[in-house]
Structures are given as structure tokens and as C-alpha cells.
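Let's take a walk through this model, stopping at a few spots worth a look on your screen. Have the sequence and the 3D view open side by side.

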Amino acid sequence: MKEMDEYLALSHLIKMNTKEMEELNDNLIESEQRYKSLFDHNPDMIYSMDLQGYITSVNHALVQSLEYSEEELLSTHALQFVCEEDHKRVVEHFRLAVHDKPQNFVANIKKKDGGHILSSITNIPIVVNDQVVGVYGIGKNITWQQKAEEEIEQLAFHDSLTGLPNRSLFEKRLRELVSESDPANHLLAVMFVDIDHFKIINESLGHHIGDVVLRHVSNQLRQVIHSQDLLCRFAGDLFTLILTIEKPSDVIDTADRIEEALQLPIYLDGQEYTVSTSIGVSIYPNDSTSADVLIKNADTALHKAKEKGRGKREFFTGDMNAFTLERLKLEGFLRKAVQKGELEPYFQPQFCLKTERILGFEALVRWNHPDLGLVSPMQFIPLAEEIGLIDEIGRFVLFESCKQLKRWHDDGAPHLSISVNVSGRQFQRLSFVYEVKEAIETAGISAEYLHLELTESTMIQNVQYSISIMEELRELGVRLSIDDFGTGYSSLSYLKDFPVDYLKIDQSFIRHLSDDFFNTSDAAIIKAIIMMCEGLSLSTVAEGVETHEQMKLLQEYGCHTAQGYIISKPMPACEASEFLRTFLLPKNSTTP
């Protein structure tokens, strides 16, 4: 009986152990399947290596990503699939993982087709019985992430229109170069390059044409700089360069190449356009060892170049700081001048050389500041153009001049005309013709007595557009002239197409006019202009006449009208009205 009990107990124990073994085996199978599922179906690239770095297992994601078969990967050294420039770093991370130190790093992994993917890799030691027997690798494809970061960096540090580095990258790089450079033996130049009259291009032709011009300029600049130089689009139509130079005069060579490259014409919609630039330069360490100050100084030099008439270049000098402060003060005053009534039209008479009578006045603007006194137009007109106030000033002069003309007509001078200068910005505005019509109707004058003076540079920017606007003005009855003829583009080929009534001969030709036998060049030019105008049925006006001798010669040459100090200086309206009373106007005089 005892033996039977022992047998039954042993049989029960065996059954229990068998069941536990089966459960343990099932658990092991499930665990292995779970591991295999995690390994095989993981979207990340998973592989294992032995202690020598040979691949012992791979998952489907790795096979799919690298486009090798499982057979081609197994028993192959893992380094074979790593780009050569990353070999040393990958080996070091593997070595540390073998020493039971998990690693995270980034490496470029080669694909079968010759391409590569950027992978974020984690190396984990495989530990069995407290011994490292291999290394697991888990790789995540971050190529898209790198591209996204590059795109973000491109947007943050590059200009979308031209592809050039932008202001942020320019300033960042300049600070780096300044901190790295040795002032004793290393020079840098900061160059500002600004497109002259770019606002006129934008406003007359449209921003899409302006974009074409900006891309053209950026491409031309790229071709003339050295590989070590940095070209950026700083803002708007302003480009900046950092030049590595041996001596300051090297900058002149670069400036020469820039000007020569930009002389090449741009062809847009069958029209030919050219651009010019103003350039300002500061030198490290001569002008400063601070990146911010170098930028400020180059900007100051650029403004000085523009003040001299555009198309110029200027190196920063110490006295320009005073110029900058003075300019900023003047800009602040000018912005308030119109509202405060500090601007006033002045009038200079225009004299008929044949009848010796006053035919009209040219309207000029003067600024009488309470503290600065009478500010020269040579100071504030270029500044007004640069800061965008010239439109407001031009409109003010146009409307006030028309009102004053109406007063003179009512006071007994009904055939008097008024000539008003028009800036390039003002002329190119889409609303300009409407403003002229409004000024005429508001004042209550006849349009034929309003003369608008346009410069050659204004009209040549976009010939077809200029002609269309001029024809609209002529339809209103307004008369037109080309101002300062002979000092601008002097595009005689276009002159016959411009619907103008008269030319104003620039005072630079009149200034040295005399009957001196040895000084005949100016006389020859004046005669040629007058003869040309006769052929084109245009009247001529000579500016800057200061002597009786000049007046006499102009009469002999057949010039129609003169204005200058020999007749009168520009005067405020009250003095001009008094001046009129001293002349007996012909009842049926005609304007030039």
C-alpha cells in the first residue's frame, strides 16, 4: 500500500513538472515570437553584430532601406555600409558599446544604388551571462529631418528671390571674421552696393520687373567677386559684400569690376535698360574692429556717395560721422517741414529774348527752417528723394504754383505760364496724371499755361511708359519740356519720339559762354541744340544766364527764352508779383 502511494505521488509530480515545462516552453516560444515581431516589424532599422563588427541578423526595415538582400548583409562587416568620412567615429562608438557603454550618434549609411541616408544610430551591448557577446544597432532614417533643417536654415539665412545670403547671415559671418582675424596682418572690407533709382523701376514698371532687375544684378555681382568673398542681399535693392583684401586699394578693383559688369544692358519686353550703383566702403581694422560699426560706417559712406549724385563710390572717413548726425537731424526736420508750413514756392522769371518780355515763371521750392535758416535745395531735395518725401513735396509745389498762377491771371497777366519741375518718382506714379488734372481744376486755370519739366533720366527709365504718360498730359493741354538737356542720357534716338514742346539748355553750357575766340566748344554745343530743336519744331530755354554778353549771344543763336540771375533770382510769390508790375506784358504774347 505504501509503495502504491509513493508511485501515485511520483506520477502526480511528473505530470505537474510536465505541465510546467510545457507552460515554460510556451512562454519561451511566445517571448521569442514577441522579440521576433519587435525585431522584424520595427519601422526602425535593427541589426546585430558580433564582437568583431560582423552583422549577424537584420530586420526587414534595414533590408528595405539599404536595398541589399538579407544574404548580402549577413556575415558582412558593418563598416562596409558606412560612408568613409564617418568610419573613424563609427568604430569608436562600436568600441565603447562593446565595453558595455550604450552609444548614440549620427552617420551616413550607404545604399546599394550608391546613394546614402543619414541615420541616427543607437548601439546597445548584447549581454549574456554578464558577458557582452555582441552589439545591437538601431538606426532611424533622419534624412528628411536634415532636409527640413536645411530648408529652415535656408529660409532663415538666405534671400528667397536671389538665393543670396541675407542680412542675418551677413552680420553673423562678419562678426565671426572680425573675431577670428588678426588686425595686424589681415584686412577686411565691408562694401555696400545700392542700385540707383530702383524705386522708379519698381513704381513705373511694376515689382515683377523690379525682381528681374534684382536677380540680374545679383547674378552679375556673383561673377565678379572672388571665391573667398561673401555677397549678400542686405535689404531691398541694397547688396553687401565682405571682401578679404591685402590692401585697401584692392577694393577699387572690385568696384571697377562691379560697375563694368552692371553696364551690360538688361532686355525686358523688347526694351533695353541699364542700371548704375552707388558704393560705400569701410575697412577693418582701419575704420573699426567692431562688426556693427563697420556696417554703420559703410552705410554712412554709401549715403555720402549718393549725396554726390549717384553712380559714385566713397570710402568711410572719420568726418563722415558728423555728416551722418547732421543728415539724421536734417531728415527729422524735413519730415515735419510740409506740415509746419516751412516749405515755400519760389519763382524765377523766364524772359522772351525776342520781345524782351516776361513769359512766365519757373516754380522752385525753398525750405526756411526756423533754426537752420534757408536750407539749400541741393541738401534737402536729394534727401527727400531718398526717404520718399519727394512725392509729397512735388504735389505741394504743383498745387501751390497753379493757385499762384491763377492769382497772377486774375491780377492782369492772363497769358503768364508756370513751369513746375517733376521728380522721377512723382512722374512714374500711376496717379500722376490725375493729380495734374486735379491741380489744374482746383486752381481754375487753363492747362496750356502749366508747363511740366521732366529730366532725361526720368523719361529714359521706361521709354514706352513715359511716352504714354506724356501723351495723356498733352491731351489735358499741358505743355512739356526736357530739363537740363545735355547732362543726362542725351538719347537723341528717343528725342524725336518724345511729345515735348521745348528743351531747357543746361546752365553748365551757358556758364562759360562768351565771344572769346578760344572758348568756342560751349557755343558750338548750344548752336547745335538750337538747330536741332528748330528741325524738331521745339522751342529752347537757356538756364543760368548771368551776363549781358550771354544774353546777346543767345539772341544771335536763335534761342527763344532765357532765365537766370541777369533777369532775376528766384523770389517768393510776393516779390515775384512786385517784379511783374515793372514789366508791361504784351497783350497777345505766347509762351515758348
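Start with helix α22: the face turned away from its buried side carries C574 and R581, both exposed. Here buried means under 20% relative accessible area, exposed means over 50%, and partly exposed is in between, using a 1.4 Å probe and protein chains only. Helices are DSSP runs of H or I with at least four residues, strands are E runs of at least two, and both are numbered from the N terminus. Helix α22 spans residues 573-581, and its buried residues are A573, A576, S577, F579 and L580. They cover an arc of only 160 degrees around the axis, which is why they sit on the same side of α22. That arc is taken from the directions from the helix axis to the C-beta atoms.

A word on ground rules: this is a predicted model, so local features need pLDDT of at least 70 and side-chain atom pairs count only at pLDDT 80 or more, while totals for chains, interfaces and linings use all residues. Residues are numbered from 1 along each chain as its sequence is written, and side-chain values use heavy atoms, leaving out hydrogens and water.

Now go to helix α10, which has 17 residues (291-307) and reaches 25 Å from its first C-alpha to its last. That is close to the expected 24 Å, the expected span being 1.5 Å times one less than the number of residues. Among its buried residues are A291, L294, N297 and H303. At the start of α10, a side-chain oxygen of S290 comes within 3.4 Å of the backbone nitrogen of D292. After α10 comes G309, with a positive phi near 115 degrees. Look also at the loop between β11 (277-284) and α10, where you'll find P285. The peptide bond from Y284 to P285 is cis, with omega near 5 degrees.

Two other backbone spots deserve a glance. Most residues other than glycine have a negative phi, and most peptide bonds are trans. E67, in the loop between α2 and α3, has a positive phi near 65 degrees, and is partly exposed at 41% relative accessible area. D100, in the loop between α4 and β3, also has a positive phi, about 65 degrees, and is partly exposed at 48%.

What do buried polar side chains reach for? In helix α5 (residues 143-157) sits T143, buried at 18% relative accessible area. A polar atom of the T143 side chain lies 2.9 Å from the backbone nitrogen of L118, and the T143 side chain makes a polar contact with the side chain of N141 at 2.8 Å. A polar contact is a pair of N or O atoms within 3.5 Å; within protein, one must be able to donate a hydrogen and the other to accept it, and residues adjacent in sequence count only if both atoms are side-chain atoms. S218, in helix α8 (residues 207-224), is buried at 1%, and a polar atom of its side chain lies 2.8 Å from the backbone oxygen of R215.

Finally, E84 lies in the loop between α3 (70-73) and α4 and is exposed at 66%. E84 and I109 are 25 residues apart in sequence and 9.5 Å apart in space, C-alpha to C-alpha.
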